[in-house]
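Please keep the sequence and the model in view while reading.

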Number of protein chains: 6
Amino acid sequence: MRTITMEPGFTVHAEGSCLISFGDTRVLCTASVEERVPPFLRGKGEGWVTAEYGMLPRATHTRGSREAAKGKQSGRTQEIQRLIGRSLRAVVDMKKLGERQITIDCDVIQADGGTRTASISGAWVALRIAIDKLLASGALKEDPIIQQVAAISCGIHQGTPVLDLDYIEDSSAEADANFVLTGDSKIAEVQATAEGATFDEEELLRLLRLARIGCGQIFAAQRQATGR
Amino acid sequence: MRTITMEPGFTVHAEGSCLISFGDTRVLCTASVEERVPPFLRGKGEGWVTAEYGMLPRATHTRGSREAAKGKQSGRTQEIQRLIGRSLRAVVDMKKLGERQITIDCDVIQADGGTRTASISGAWVALRIAIDKLLASGALKEDPIIQQVAAISCGIHQGTPVLDLDYIEDSSAEADANFVLTGDSKIAEVQATAEGATFDEEELLRLLRLARIGCGQIFAAQRQATGR
Amino acid sequence: MRTITMEPGFTVHAEGSCLISFGDTRVLCTASVEERVPPFLRGKGEGWVTAEYGMLPRATHTRGSREAAKGKQSGRTQEIQRLIGRSLRAVVDMKKLGERQITIDCDVIQADGGTRTASISGAWVALRIAIDKLLASGALKEDPIIQQVAAISCGIHQGTPVLDLDYIEDSSAEADANFVLTGDSKIAEVQATAEGATFDEEELLRLLRLARIGCGQIFAAQRQATGR
Amino acid sequence: MRTITMEPGFTVHAEGSCLISFGDTRVLCTASVEERVPPFLRGKGEGWVTAEYGMLPRATHTRGSREAAKGKQSGRTQEIQRLIGRSLRAVVDMKKLGERQITIDCDVIQADGGTRTASISGAWVALRIAIDKLLASGALKEDPIIQQVAAISCGIHQGTPVLDLDYIEDSSAEADANFVLTGDSKIAEVQATAEGATFDEEELLRLLRLARIGCGQIFAAQRQATGR
Amino acid sequence: MRTITMEPGFTVHAEGSCLISFGDTRVLCTASVEERVPPFLRGKGEGWVTAEYGMLPRATHTRGSREAAKGKQSGRTQEIQRLIGRSLRAVVDMKKLGERQITIDCDVIQADGGTRTASISGAWVALRIAIDKLLASGALKEDPIIQQVAAISCGIHQGTPVLDLDYIEDSSAEADANFVLTGDSKIAEVQATAEGATFDEEELLRLLRLARIGCGQIFAAQRQATGR
Amino acid sequence: MRTITMEPGFTVHAEGSCLISFGDTRVLCTASVEERVPPFLRGKGEGWVTAEYGMLPRATHTRGSREAAKGKQSGRTQEIQRLIGRSLRAVVDMKKLGERQITIDCDVIQADGGTRTASISGAWVALRIAIDKLLASGALKEDPIIQQVAAISCGIHQGTPVLDLDYIEDSSAEADANFVLTGDSKIAEVQATAEGATFDEEELLRLLRLARIGCGQIFAAQRQATGR
């Protein structure tokens, strides 16, 4: 597994922020608190957590086109930002959050595989910091965060299950899985995909076990970064 | 599990077509063969299989807005069509397909839960028919289809694992999983998501076992529909 | 004239629906009732009837691109849906409809010429069924539908006026006309276009007379489908 | 009928141009010749004539939004520009035009009803001038223009057929028709629409006869403007 | 410097209008008054002046594509309309204008260099006329216009500072500058750009002095056109 | 003037990169080299330098919407990226660059005024590094960079000319100017705008002199960062 680093408070304006690195993959996660909710929640006394994801054009080995210039977000981008949002919502009590929305922006500064799992893992830190501020200011009475949440990619590479694939490993993996796990050892999301070869139940379980090990390390880093 | 029906050859122009029903969910799947490949594959002697997904505005309980009128496909639509494409590519040998592209259109005529899994299951039938025509005409020498592929949704509903959720069950499930399995009992894709409560490894495995039962029935229906 | 069939109630969710066939042309028409009107009508005590039109990508002989994926509706699509909406509004009393909107979706499942005229003819059936439900439930006191409305294409093909052109005839017609007629023998819309050769008043009248014959058959089929 | 004026050569860059006025309706029509054809015609030795239509935001009584700023052309705009293109193509021999495209831009400077019919009538003048230049320069050997083409709107207003409706009349007409006629008394296009009341064959014919009178005047003005 | 002409009241619907010509460059400027302000100003008792800019496709030597058809305004268009808006706001007292918005549309009918400076110069005339109407009608008690504003382009062409560049000069200038000056000899905006060669302070000042001479002529023409 | 820092080589994939800070304003600039030029330059033996600009949604005090999600770049964004591109092209000899394009991406990680001038100043560093690599590898024989280029904002704040405005100063400045200067004391671009009050020639010159001082410091920092 690659070295994980987290720099909480990387930017000054956001209510919470964290620059997370998994090896050469670096993602800036910011949490923005707004005292309003989307239309479908108005007047229900509940909050909302959502996420947006982006990648700087030259985060990658060769320059990709800028989504803002193309005029639309790719299917991949939308898929990832939906996953980040669901993962965070799985560990937040929306009633305790009250009628406010927290938007997590995950922007990939540099990419080397695992940008979606780094995003989820760093997003939790930004969210934790933003909510700690709301608790400190008295805007929130009770902590709406139920658990930690972290994510890691695993894959089957040359027949062997491996943890935390970088770009080169990911490109040649036979199967690719992303696990989103919670601090109490539960599963929030599994996405496992055959790339070159289908896989079986036993392999799926081996990947899940690897993921538990990886997420354990991330949970520790999250606690250290947030002083929890 | 709801009644499955498949009407191969539902439309006359497409090289392959199938109207698939899972209870009240009805999806029209068509396969269109084109003798050209996307730019990234030109000159490599390999083919491509891709999918597009859509839902008629009043396929659902209340009318949704038309994506063509809004001017963009939702993140959900893109996520689903990417899943369908990956699932089919997992069972096709692109070298044997040769430099041609097969586009599978999955259009939901009526929705009652499980539209993405019905789409994958019906798409295979449309693809099988289209490829049988290419084999019959001599355009293909060898069958590029390696296996059957089918998909089913499962979920944890009121604490109990259930198979093939309809819209009402799906809306209130604590966890929701889609399994894409192949005819030789392998896994092509797993997408399992906590909705109201996270879940554990044991529950994931129970859902996978249910999915095997469901896909078994779909495989039989596919063989009957295609005469294989 | 090709065989006309109408399957009322083809889908379960819409307030009214009809699958109409003119030979190989098949269009699914649904009517969706919403208890609100567009901004320009709010508070005026009047209703609105509007239509949207779409074609499945492989409804046609060769696959067309999906409008939702391209990000815009073609000029042809917009022209047709505007025509369908005007045709229905010509036979509805908006004051009697009250402040509600009925949206008719016409989606072409299979195309072989005459999709716009089949859409109008089937749309009336879906609208009739939806309004019958509103009358039956007591939501409407008086019937807002003033007349039947139906449409048929005619053209001059190899010098001869012909009724209900299929795709092959339409592609080679010298002139092409669509007539929208009402149950009391009036004209709601005429659209006649020279394709390869201009035409004269006498030819226009001959086409109109053919259209009267064709619409007579459609009116009968509509009455049978709706039990009126 | 309102006063018609035509100012040929209103702009200096276009190969042909004409500012046409029908009363307060003023449309600038320009013809641009390009020595290439759209992809579907390449290598066939035939030309193409197409049209685009626009309206300045404050051409109308109250300011409309700018289509370029909204990011799309309305259905009305597309319908009109398709009509202009068809009308011109009805009187041009594409083989004689050779592999070149002429684009007619019709931009409404001021609107008071009848902008589409003024556009067609002025477009012919711009086209005629542009083609005369091609003939004079020797780029064309034979004249590809077969006939004059002109258009006029008519309607039934307070029960009476009227010619050349201005904005006020048009807004309250029971029926509204646009006729595109050719110099040899033939019909290129009829679009007749019931607005408040359906109409019958007799009324349609009376409108057509009015249109013949109106187009007669426009043909004379076109001949004077182009010296033909 | 090229001949300047201004035709106030060129169109009938707009509250103010002016067709301005700088040689072959002709721009139609209209001012539209609306009794509402953008959201960020609501309830503040202040008004707003904004501008939109467009160019007819064949205003130029060769036809450009229509921005409405392309579905977006170019960066150049947006840059110019932002400049026009800023220039006008520099001479309007928004408190005296009250809660109303004036939109200036500058549409280039024919282009031969200097379209943005002609737009600003003509826009002031349209604005002046519209505000004079508001003053005459009693809707405004005090004149919100503080000063005249005009603009002119200058450049360094073959080493020599020149005033009011036409298209040919502009295309080959080493440096290109647009100055927006006010009636009391102040500067509202300077935009000076090196094209082929950078320039120095002395050259910038020589261009500014030329601009003062040019704007002096425009101010006189504005006063004559508006009777001030 | 705020503290300037430059971190060359901030990212690993780009041919050149620099994280530049002007106080709390931080912009990541990357240079991407591609061995192809835009269509208008093909076959001319010349290169091209262009720039794109973006701002992370929470770079600012309150979260702005993501341009990729909105589907278009704002006028401000386009204006800035056009300015960055022009500024760099003013100091590059395109013939010496040869048929290759260098794209500079300037992405604002944190904003506190002066993002466009920081972008230009950092972009030069990224460009310098990328070109040094091309020189070192032998791909380039001669250095195409003619001069350094840097930019700084100045303004009139409470009647006093000030250098390098932060967000608070910028928001309340009476006039705002951006100067792009070259290493040999020449001007590449001046953009000076009246915000609350117009200004005169004397003030413009005082701002230009301040800018010379500021750019002097930036030139020194650039030389240090690039070892030149």
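This is a predicted model: local features need pLDDT of at least 70, side-chain atom pairs count only at pLDDT 80 or more; totals for chains, interfaces and linings use all residues.

## Chain A as a whole

Chain A contains six helices and nine strands, and its C-alpha atoms occupy a box of roughly 55 × 40 × 30 Å when the box is taken along the principal axes. The radius of gyration of chain A is 17 Å, which agrees with the value near 17 Å that a compact globule of 228 residues would have. Of the 228 residues in chain A, 62% are buried.

## Chain pairs without contact

Two pairs of chains can be set aside where contacts are concerned. Chain A and chain D are joined by no contact, and their closest C-alpha atoms are 11 Å apart. Chain B and chain E are likewise joined by no contact, with their closest C-alpha atoms lying 11 Å apart.

## Salt bridges between and within chains

Over all chains, the structure holds 120 salt bridges. One of them is formed by the side chains of B:Glu79 and A:Arg82, with an N to O distance of 2.7 Å. This pair crosses between chains, since B:Glu79 belongs to helix α2 (residues 75–89) of chain B and A:Arg82 to helix α2 (residues 75–89) of chain A. B:Glu79 has a relative accessible area of 7% and is therefore buried, whereas A:Arg82, at 29% relative accessibility, counts as partly exposed.

Within chain D, the side chains of D:Arg128 and D:Asp143 meet in a salt bridge with an N to O distance of 3.0 Å. The two residues are 15 residues apart and link distant parts of the chain, with D:Arg128 in helix α4 (residues 115–136) and D:Asp143 in the loop between α4 and β6 (149–157) of chain D. D:Arg128 counts as buried because its relative accessibility is 2%, while D:Asp143, with a relative accessible area of 23%, is partly exposed.

In chain E, a salt bridge of 2.7 Å, N to O, brings together the side chains of E:Glu189 and E:Arg86. This pair too links distant parts of its chain, from E:Glu189 in strand β9 (residues 187–194) to E:Arg86 in helix α2 (residues 75–89) of chain E, 103 residues apart. E:Glu189 and E:Arg86 are both buried. Elsewhere, salt bridges with shared partners join A:Glu52, A:Asp105, A:Asp107, F:Arg63 and F:Arg66 into one network.

E:Asp176 lies in strand β8 (residues 175–182) of chain E. Apart from neighbours within four places in sequence, E:Asp176 is in contact with E:Cys154, E:Gly155, E:Asp170, E:Gln191, E:Ala192, E:Thr193 and E:Glu195.

In chain B, B:Asp176 is found in strand β8 (residues 175–182), and its relative accessible area of 17% means that B:Asp176 is buried. The residues that B:Asp176 touches, when those up to four places away in sequence are not counted, are B:Cys154, B:Gly155, B:Asp170, B:Gln191, B:Ala192, B:Thr193 and B:Glu195. For one of these, B:Gly155, the C-alpha atom is separated from that of B:Asp176 by 4.3 Å, although the two residues are 21 residues apart along the chain.

The backbone of A:Asp164 has a positive phi of about 55 degrees, although A:Asp164 is not a glycine. A:Asp164 sits in the loop between β7 (160–163) and α5 (167–172) of chain A, and at 3% relative accessibility A:Asp164 counts as buried.

F:Asp164, which is not a glycine either, has a positive phi of about 60 degrees. The place of F:Asp164 is the loop between β7 (160–163) and α5 (167–172) of chain F, where F:Asp164 counts as buried at 2% relative accessibility.

Conventions
Residues are numbered from 1 along each chain as its sequence is written. Chains are lettered from A and ligands numbered from 1 in the order in which they are written. Side-chain values use heavy atoms; hydrogens and water are left out. Helices (H or I, at least four residues) and strands (E, at least two) are DSSP runs, numbered from the N terminus. Contact means heavy atoms within 4.5 Å. The radius of gyration is taken over C-alpha atoms; the globule rule is 2.2 Å times the number of residues to the power 0.38. Buried means under 20% relative accessible area, exposed over 50%, partly exposed in between (1.4 Å probe, protein chains only). A salt bridge is a side-chain nitrogen of Lys or Arg within 4 Å of a carboxyl oxygen of Asp or Glu.
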